[in-house]
Amino acid sequence: MSLMGSLIQFNTIVLLLSLFQSIQAEEFKSSQPCEFQAIFNFGDSNSDTGCMSAAFHPAVLPYGETFFHDGAGRASDGRLIIDFIAKHLRLPFLSAYINSIGTSYRHGANFAAGSSTIMRQNKTFFDGGSPFTLEIQIAQFIQFKARTAKFFTQENKTSFRRHLAENQSYFRRHFPKPEDFANAIYMLDIGQNDLGDVISKVGKEDSQALISNIVEYFAKQVQKLYSFGARKFWIHNTGPIGCLPVFMPIHNAINSQTQVAGYLDQNGCVNHPNNLAREFNKKLKDVVVKLREQFHDASFTYVDMFSAKYELISNANKSGFVNPSGICCGYHEDGYHVYCGNKAMINGKEIVASSCEDPSKYISWDGVHYTEAANQWIANRILNGSFSDPSLPIAHSCQITH
């Protein structure tokens with residue numbers, strides 16, 4: 001066969017593969033959407049809807065001021081990405097698992113907790129830690145599933161059956177049925193705080209080895225969820241932590257090492273933390289691929305939150321936001337940090353860390369977490385599958401593509 005003939009044959013194969021993939025993608029998109037009956041979420045403050053507030057100090061205004069007009073347990077002025085996901089799936093906002101007042105778990109539960117990590121911690125809440133690691137969150141889910149199952153079975157003592165009969169209506173209104181667990185979407189958004197720990201150990205320990213250990217431990221926890229019936233997974237990678245305003249030199253001491261060439265990228269983000277996040281995400285994606293190969297009856301959607309968030313940061317002004325280094329709530333100048341809602345004396349002057357006039361113009365709410373407006377912008381981009389592997393809308397993410 002001539003060289004020209006080989007090229008034509010090769011191009012034909014490529015065209016056919018591309019056409020097949022396009023047809024396959026259209027088939028998925030035109031197929032019936034998944035009938036998710038519930039959401040079970042695991043993560044850190046990016047998706048905590050009230051765990052840390054219920055367990056420790058409750059979030060108070062100005063947190064929650066935009067949508068809830070109250071603290072509402074969220075590290076934002078309003079709704080989080082998880083809230084927009086629930087709305088998109090036509091499910092109610094998720095109640096935090098340990099929030100005992102005014103809660104319903106009929107359509108799932110949220111086990112996410114601020115400051116949580118994948119790995120076990122050696123610090124307490126008072127040192128900036130969280131007792132609710134991913135391992136503990138999954139243990140809570142296992143207990144939740146086992147206890148709710150009792151509400152719908154008759155294999156119990158007579159007195160307990162009588163109690164169930166008397167309260168059956170309540171149980172059915174507030175707790176998922178056993179079959180709902182199989183038809184639920186299991187969401188995971190965690191790892192950012194683990195990377196913070198890796199950053200603190202730079203120069204002392206091997207960053208690559210630390211990241212590998214974190215990702216391997218994550219895989220073990222996902223495998224445990226699978227063993228308890230989870231089949232539809234929606235997994236977020238970690239965002240560009242070097243773009244969090246509190247990392248940026250503009251909010252830190254002047255004449256620091258941040259002036260070294262190559263320290264910042266074109267958007268003013270700190271390169272080194274972002275590079276560690278990219279490495280974590282690469283290893284996480286590899287793990288997701290392995291999980292697909294291991295569990296053929298489950299769907300695993302990998303969501304590139306890093307790219308979605310970085311796109312917003314790169315196009316802040318075009319998208320109607322102020323400079324991405326701007327912080328709506330808090331005082332962060334010359335190395336002094338007074339976080340949102342707090343007060344402090346600085347150089348003999350009382351500083352009240354209040355919120356800005358219009359949070360909808362800001363990407364960053366408090367220097368670490370995103371505003372409701374930014375969360376909605378990001379949610380709109382990930383829900384349609386634009387940043388997902390496979391590239392399916394969340395409403396179709398139960399499709400098994402391997």
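**Salt bridges and helix packing in a predicted model**

Lysine 285 and aspartate 389 form a salt bridge, their closest N and O atoms lying 3.8 Å apart (a salt bridge is a side-chain nitrogen of Lys or Arg within 4 Å of a carboxyl oxygen of Asp or Glu). This pair links distant parts of the chain, with lysine 285 in helix H8 and aspartate 389 in strand E10 (residues 388–389), 104 residues apart. The model is predicted: local features need pLDDT of at least 70, side-chain atom pairs count only at pLDDT 80 or more, and totals for chains, interfaces and linings use all residues. Residues are numbered from 1 along each chain as its sequence is written, and side-chain values use heavy atoms, with hydrogens and water left out.

**Overall make-up**

- The protein has 10 helices and 10 strands; helices (H or I, at least four residues) and strands (E, at least two) are DSSP runs, numbered from the N terminus.
- Of its 402 residues, 49% count as buried, where buried means under 20% relative accessible area, exposed over 50% and partly exposed in between (1.4 Å probe, protein chains only).
- Among contacts between residues at least 6 apart in sequence, 72% join residues at least 24 apart; a contact means heavy atoms within 4.5 Å.

**Salt bridges**

- A search of the whole structure finds 11 salt bridges.
- In the lysine 285 and aspartate 389 pair, lysine 285 is partly exposed at 35% relative accessible area, and aspartate 389 is partly exposed at 25%.
- Glutamate 372 forms a salt bridge with arginine 79, with the closest N and O atoms 3.1 Å apart.
- Glutamate 372 belongs to helix H10 (residues 372–382), while arginine 79 is in the loop between helix H2 (51–55) and helix H3 (81–88), 293 residues apart.
- Both glutamate 372 and arginine 79 are buried.

**Packing of H9 and H10**

- The axes of helix H9 (residues 305–314) and H10 come within 10 Å and cross at roughly 130 degrees; axes are lines fitted to C-alpha atoms, for helices over the stretch in contact, and angles run from 0 to 180 degrees between N-to-C directions.
- H9 and H10 are therefore oblique to each other (under 35 degrees counts as roughly parallel, over 145 as roughly antiparallel, 65 to 115 as roughly perpendicular and the rest as oblique).
- Met305, Ala308, Lys309, Glu311 and Leu312 of H9 make the contact with Ala374, Trp377, Ile378 and Ile382 of H10.
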